[in-house]
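Here is a short report on one structure. Look at the sequence and the model, then read on.

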Amino acid sequence: MTAKKLENNSNHQVIAEEVKILTDLLDESTRHLVGDEEFAKIKGLVKIAAGKDHSQLESQIASLSNQELIVVARYFATLPLLINISEDVDLASEVNLLNNTKQDYLGKLSNTVDLVAQKDNAAEILRHVNVVPVLTAHPTQVQRKTILELTDKIHNLLREYRDVSAGTIDRDEWTNQLRRYIEIIMQTDIIREKKLKVKNEIKNVMVYYPKALIPAITKLTGRYKELARKRGLNIDGATPITMGMWIGGDRDGNPYVTADTLRLSGTIQAEVIFDYYTKAMNDLYRTLAISTSYVQPTPEVVKLSELSGDNSPFRVNEPYRRACYYVESRLAHTEKQLLDRVSKDSVVSEENLEKAPVYKDAYEFKSDLEAIKRSLIQNHDQAVTTGPFDELLEAIEVFGFHLATIDMRQDSSVNEACVAELLKGAKICDNYSDLSEEEKIQLLLNELENDPRTLHSNNAPKSELLQKELKIYATARKLKDTLGENVIKQHIISHTESISDMLEQATMLKEYGLLDNQHARIQVVPLFETVEDLQNSREIMKRYLNFDIVKRWIASKNGYQEIMLGYSDSNKDGGYLASCWNLYKAQKELTKIGEDMGIKITFMHGRGGTVGRGGGPSYEAITSQPFGSIKGRIRTTEQGEIIQNKYGNKDSAYYNLEMLLSAAVDRMVSNQKVGEKEIQDFTASMDAIVADSNRVYRKLVFENPHFHDYFFQATPIKEVSSLNIGSRPAARKKITELSGLRAIPWVFSWSQSRVMFPGWYGVGSAFKHFIDADPANLKVLQDMYNGWPFFHSLMSNVDMVLSKSNMEIAEQYANLCQDAETRSVFDIIHAEWALTKEVILQIEGHEKLLEDNPSLESSLDYRMPYFNVLNYIQLEMIKRGRNDQVSGIYESIIHITINGVASGLRNSG
């Protein structure tokens, strides 16, 4: 029997009951806010939307004033948000229920460990697995922190609904609390009035750690080790999940990321984990009221208690408490030295803080706690060491004093400019940028191998750009020296197109001792983004990995070399099929290159929330990776609203992290499901299909003279770009240039206009041509779908994204075009959409979209009417805005609709 996937098995009845309660309360709050007459108009729109009479919906919305549309937009933007909360609560409850009652589900950790335990090297596999979600601040998270806090309160109340139904919680009191928070939401600004700064983004993402990520990761890690122990496997020291961070270190295209933001990112993260440790130590202090009247602690604990400054007469017979006070004193002194602050929760006096020695690292802190644990176990107090005590020890192992590893990232062109200036200032080469690729390689290798001096240590004047970059590397060095090696471990190079791009990065790292000719304290990580870059990556990496100095750098990183793969730009460049297929082939071939050289190639996947940016269900995404491509480590970006969806509470966080971990391990140890001969046949078929798909895609996007104008006229790209949803500019160049537009607003705009273009365009024609060439090819594609995880995931994602598109609404956006020729682009898109839907269903053998995902189908059924209304409000406001009929507060209406549609779609950016 196949284990069920929880997202596909939601409790529709409970969700429907909760949504009814929430909708009734929203109706009540809105009626009080606007009065019966205006509220009747809102309910009229609900009725029209439910009847799918879109022409009447359009005319009715057009008749409303800007003032009326403010409340109407708020109402319809709030409904999908409330539905999301109910679904999240159902998932969290189901995770707890199935774990507590020992029932199976797809990706359950115990089943994964059982699978590994059959291997001869099971302990080694489990000990070295490391899955790293990397939190980013790309501008798709449109909700304010204030709104997220209110949704948390509603989430917590809905968690009590079953108790309310059972009568153990007073229904009236519970309902009043819900009503209060919904009323506040309806009167709170959904959209920020001012654009976020980098420091705001850092602080916003930190919210997820205390409430969700820290408890979920410590629980998951503890359970992982316990499951292994029960199977006779010792995996002490394993950290199956650790966290990554881009905010504050990713300066590619973001001029607001500086040395100060990098320092701030490291500092704020450290403050979060020190606060957690301080609270945990206070709890431990209160718990360990164990008296010498009954037990005798070990000499280790006696020594710790004697060093304590806790001289209260009430603690004379409580050595464990005195020992905890001493440990917290050392912790507080360490925090003060590293961060120049002490957690507000610390109970340690200034005098005792100064007397206690500073911990040289987190492992020394853990060592003191382990001494206490050993003493408790020796005195038969094992139960005391479980739960919070064990979770604290796991937290120290995972988070250290740094919390999460910050990635640094910069564009290769910036590195080249800086290196050229450094070489000229050091009188080594006046015209570096004019050299051939081979000349650049030889010059840089000589500098890295043979010259220990830094290039910037001279009096030559330095540009503002170079000064800014050097300060960043100096800050990185300082952070590593203070918070530990794990605070920054890799520097990513955007737009890696050559070997010299990587050697330039190494040269910049060398300037502050972050790399020398033997060791790399920070690894150089290439990012291959476009289809062409992915295709060239094999030859680039094959030669780069053969340099002796690179081999030594890799050896200093335990034989691992990371490569980052960009899903967004490859999609924008070549379309969905070309992007996915070239990413798949690149992974397979790069893995083989590494294996031939004895190097473990690991991958960082630069995914977004949407299918068009590499999104889709995490478990399927990882288990469909090329066989053998996961060498114990995998990192993946988590962006925008996906962070809230996955990690908004500790139970959802536990489940989603469990899915990532189980999928990675499953892919490492499972047998290949498809024979090598079949894979070769599939590959030959895919090569032809993808080439055709790429041709179809590029013919429209890059060769059709009207496509550029269509995109800028028939999507809300200009309105999206004006949203205060991120510190980073929406485009590298001018906002009216397609080539310079970032992939995120590109995808976000297509989602808003309900075309979902990046997730499917070119797919239908390519498959249709393949089938028309030989009718037997349909059976080939069906076999690929049923037997090849990669292809099955590919088709399922297209199915899902088609289900969220709406060509009737998309046509209304097309009507925004200023001339018939520009509007005609929609006819091409619509024809390809219809063809894609027809062919996908043929390949899947399904009658309708989402046939194997009834929960998502149900979810869309009861949320679609509401955010369809939002699209029509958005269309009306775009028309008014382009006719200069909107100003001041009314400009926020369109932003509210953008927020609501994003909430409704859930993976829009």
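Over which residues does pLDDT (the predictor's confidence in each residue, from 0 to 100) stay under 50? Residues 609-615 are the stretch, and the model has 35 contacts (heavy atoms within 4.5 Å) beyond four places in sequence for them. Where pLDDT is low, the predicted coordinates should not be read in detail. The mean pLDDT of the chain is 91, and 94% of its residues reach 70 or more.

This is a predicted model: local features need pLDDT of at least 70, side-chain atom pairs count only at pLDDT 80 or more, and totals for chains, interfaces and linings use all residues. Residues are numbered from 1 along each chain as its sequence is written, and side-chain values use heavy atoms, leaving out hydrogens and water.

Now the salt bridges (a side-chain nitrogen of Lys or Arg within 4 Å of a carboxyl oxygen of Asp or Glu). The whole structure holds 56.

| Pair | N to O distance |
|---|---|
| glutamate 226 and arginine 229 | 3.0 Å |
| lysine 366 and glutamate 397 | 2.2 Å |
| aspartate 687 and lysine 585 | 3.0 Å |

Glutamate 226 and arginine 229 are about one helical turn apart, because they sit three residues apart in helix α11 (residues 208-230). Helices are DSSP runs (H or I, at least four residues), numbered from the N terminus. Lysine 366 lies in helix α16 (residues 362-378) and glutamate 397 in helix α18 (residues 388-399), 31 residues apart. Lysine 366 is buried at 12% relative accessible area; buried means under 20% (1.4 Å probe, protein chains only). Glutamate 397 is also buried, at 16%.

How values were computed. Helices (H or I, at least four residues) and strands (E, at least two) are DSSP runs, numbered from the N terminus. Buried means under 20% relative accessible area, exposed over 50%, partly exposed in between (1.4 Å probe, protein chains only).
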